[in-house]
Number of protein chains: 2
Amino acid sequence: MPTLRQFEIFVKLAETGNMGEAAGGLGLTQPALSQQLRALEDRLGLRLFERVPKGMQLTPAGRDLVAGARSVIAAARDFRDAADHVAAKPAGSIRFGVSPTIGPYLLPAVIKILHERYPDLRLFMREGIPTAQHAALAAGELDMVLSPLPIAGRGLQVEPLFREPLRIVAPPDDPLHDKTSLVHEDFRGRTFLTLDHRHHYHRQLMDICDKLGASVLSDYEGTSLDALQQMVGSGVGLAILPELYIRSDAGGLDMVRIAEPDDWTEYRSLAAAWRPSAAYADLYAEVAQIIADEARKRARLQLI
Amino acid sequence: MPTLRQFEIFVKLAETGNMGEAAGGLGLTQPALSQQLRALEDRLGLRLFERVPKGMQLTPAGRDLVAGARSVIAAARDFRDAADHVAAKPAGSIRFGVSPTIGPYLLPAVIKILHERYPDLRLFMREGIPTAQHAALAAGELDMVLSPLPIAGRGLQVEPLFREPLRIVAPPDDPLHDKTSLVHEDFRGRTFLTLDHRHHYHRQLMDICDKLGASVLSDYEGTSLDALQQMVGSGVGLAILPELYIRSDAGGLDMVRIAEPDDWTEYRSLAAAWRPSAAYADLYAEVAQIIADEARKRARLQLI
DNA sequence: CCTGCTCAATAAGATATGCTAATGGAGGCG
DNA sequence: CGCCTCCATTAGCATATCTTATTGAGCAGG
């Protein structure tokens, strides 16, 4: 295969018809160019130029091939320009794994900010089970993950962002709302809805139910907080929803109402994670900061 | 500018995700590939791959750039394929200069033969004044010329092909046709039409007119033999037309008739010329041979 | 006809590049 | 805990590539 330099020489010489001039244009000397041209012609097994008294003249074959040579160096130039552009500021597609318990309600605003700051950056959001996404992150199938703690992966950079209150919601007509003050005993024997058991949310909910003496509705595992809210609203049971979801457009308190014990202090902690070896590790840290800022803007959340 | 090899490495590694495998596929060892990859990343100023435990994983930037790298090596491959094809048998465009006094009546058949023999060869015929074309040939602006002798250019390979009778034609109703036998005196005072004075034809015609005591119509200089024939047919004067033209489809003897002295023996000699330094010099010699053969097939012409 | 000019080819040597072989080091897995 | 996989690093060597200096061919002008 010819060298890129040889392609450049071919094209430049076709333009100038003069070895010395072409050599100068490429920043080398005439003998070097002469040798490279010969090497190219030898490699191709044909004569590209004819040596006429006035200089170099394309052969018929050369006339046909020069267009192809041009497109090679054009492609190389395009590549280099794209690389320069990418190197100047982050660009490309970041594969972002999020838990469905947080992503849809917080990330749209984050994406908007990122898009303004890095127009060439694209975020591919993929929702999934946090533990599975941690593995995918470690394996390089995702670039960054936003999920509740704990995050297990070995060799991952885990950046805790904020902790978010978990709220107990009940149907609007639930007797719980009749009392002005609630205690743990009021929840004894009640049934809570939950998400897919592989979510960390599930384990946390079970712990909470233990404390309250409540039980988990095992027949149903939702796939989204919206689904849980719908179920609660229709009287199937109680649920625990994160603060940011309730404050979001999707959440709200139209279908359900908050009903908690007076000493209620359950939280969940959210964190971002990425591979510290990643090329864009700095950028991911910045994204994490943006997420934390955005979350705190929406609710007075505590840092961890 | 990155090396072509580096582009190949980039693409191959993006496909395999494994240095050893990619190196094997490219016929080199793993360290060489590792070094080249580093050199490429350094040159671009960005990380294309992320080193994860399982192997190499594209960074977001790398994912964006790999398509460009692919198109570079695709262009290079296309070029090499085209060059191989051209090297296998003559191809390209041969710029062929011809005199309008011979080209249109002889070359179509030659082109047909060449096209059968070398399907990838294209002939660009350019008509023009022979002396100008000789200069263009020497300067490398034409690859081959077919014209009447003499051909002046220095350092040109001139290959005489055949000599062709020149015929005197007169209008059908000209008194010349009444006689069974003509002598030079019959043409004294008659007027001959001619082509552009820069054609060698013009000088030869003036010589002939001198011998016959005839004169040249100086008001009109045709640009083609067809035009001359038309003029003669309409009674403007006499003309001299080459044998091959008269025998061609365009020529024929519908509008004019031959009227010559009994001892008439005027000829013109045609030759092909090219630069002996040309890459396709052998091919041009072959073309010259084809032209000579074709001409002799049409009329019993003498070799020179 | 000789001389000078232009332009390409060649020679020789310095340098840079690209490769291999051998080794080191980090992380995963039984 | 040791082995295995995979990438990085190093040293050494072959070759490619460039530079300077020189030669050679063709043309123009005196």
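Leaving aside its neighbours within four places in sequence, which residues is B:Arg167 in contact with?

Guide: First, the ground rules. This is a predicted model, in which local features need pLDDT of at least 70 and side-chain atom pairs count only at pLDDT 80 or more, while totals for chains, interfaces and linings use all residues. Residues are numbered from 1 along each chain as its sequence is written, chains are lettered from A and ligands numbered from 1 in the order in which they are written, and side-chain values use heavy atoms, with hydrogens and water left out.

Now your residue. B:Arg167 is in contact with B:Ala239, B:Ile240, B:Leu241, B:Glu243, B:Ile246, B:Ile258, B:Glu260 and B:Trp264, leaving aside its neighbours within four places in sequence. Contact means heavy atoms within 4.5 Å. B:Arg167 itself sits in strand 6 of chain B. Helices (H or I, at least four residues) and strands (E, at least two) are DSSP runs, numbered from the N terminus. The relative accessibility of B:Arg167 is 22%, so it counts as partly exposed. The cut-offs are these: buried is under 20% relative accessible area, exposed is over 50%, and partly exposed is in between, with a 1.4 Å probe and protein chains only. B:Glu266 is 99 residues from B:Arg167 in sequence, yet their C-alpha atoms are 7.8 Å apart.

Next, another arginine of chain B. B:Arg268 belongs to strand 11 (residues 267-274). Its relative accessible area is 4%, so B:Arg268 is buried. Not counting residues up to four places away in sequence, B:Arg268 touches B:Phe162, B:Arg163, B:Glu164 and B:Leu166, among others. Its list also includes B:Thr101, B:Ile102, B:Pro148, B:Gln204 and B:Pro242.

Go on along chain B. B:Arg275 lies in the loop between strand 11 and helix 10 (281-298). B:Arg275 is buried as well, at 4% relative accessibility. With residues up to four places away in sequence not counted, B:Arg275 touches residues of chain A, A:Glu50 and A:Val52. Within chain B it touches B:Leu137, B:Ala138, B:Gly140, B:Leu142, B:Asp143, B:Leu156 and B:Ala281. One of these, B:Leu142, is 133 residues from B:Arg275 along the chain, with 9.5 Å between the C-alpha atoms.

B:Pro150 is in the loop between strand 5 (144-148) and strand 6 (157-170) of chain B. The peptide bond from B:Leu149 to B:Pro150 is cis, with omega near 5°. In chain A, the bond from A:Leu149 to A:Pro150 is cis too, with omega near 0°. A:Pro150 lies in the loop between strand 5 (144-148) and strand 6 (157-170) of chain A. Most peptide bonds are trans.

How do the two copies relate? Chain A can be laid on chain B with an RMSD of 0.7 Å, by a turn of 178° and a shift of 0.2 Å along the axis. The two copies are thus related as by a two-fold rotation axis. The superposition is by least squares on the C-alpha atoms of residues with pLDDT of at least 70 in both. Of the interface residues of chain A, 98% are also interface residues in chain B, so the copies meet through the same surface.

A:Glu8 is part of helix 1 (residues 4-16) of chain A. At 17% relative accessibility, A:Glu8 counts as buried. Its contacts, leaving aside neighbours within four places in sequence, are A:Leu26, A:Ile73 and B:Met1.

A contrasting residue is A:Lys112, in helix 5 (residues 103-117) of chain A. A:Lys112 is exposed, with a relative accessible area of 55%. A:Lys112 and A:Thr180 are 68 residues apart in sequence, and their C-alpha atoms are 41 Å apart.

Finally, chain A as a whole. Chain A has 10 helices and 11 strands. Its radius of gyration is 32 Å, well over the 19 Å that the globule rule gives for 304 residues, so chain A is more spread out than a compact globule. The radius is taken over C-alpha atoms, and the rule is 2.2 Å times the number of residues to the power 0.38. Along the principal axes, the C-alpha atoms of chain A fill a box of roughly 105 × 35 × 35 Å. Buried residues make up 52% of the 304 residues in chain A. Among contacts in chain A with a separation of 6 or more, 73% join residues 24 or more positions apart.
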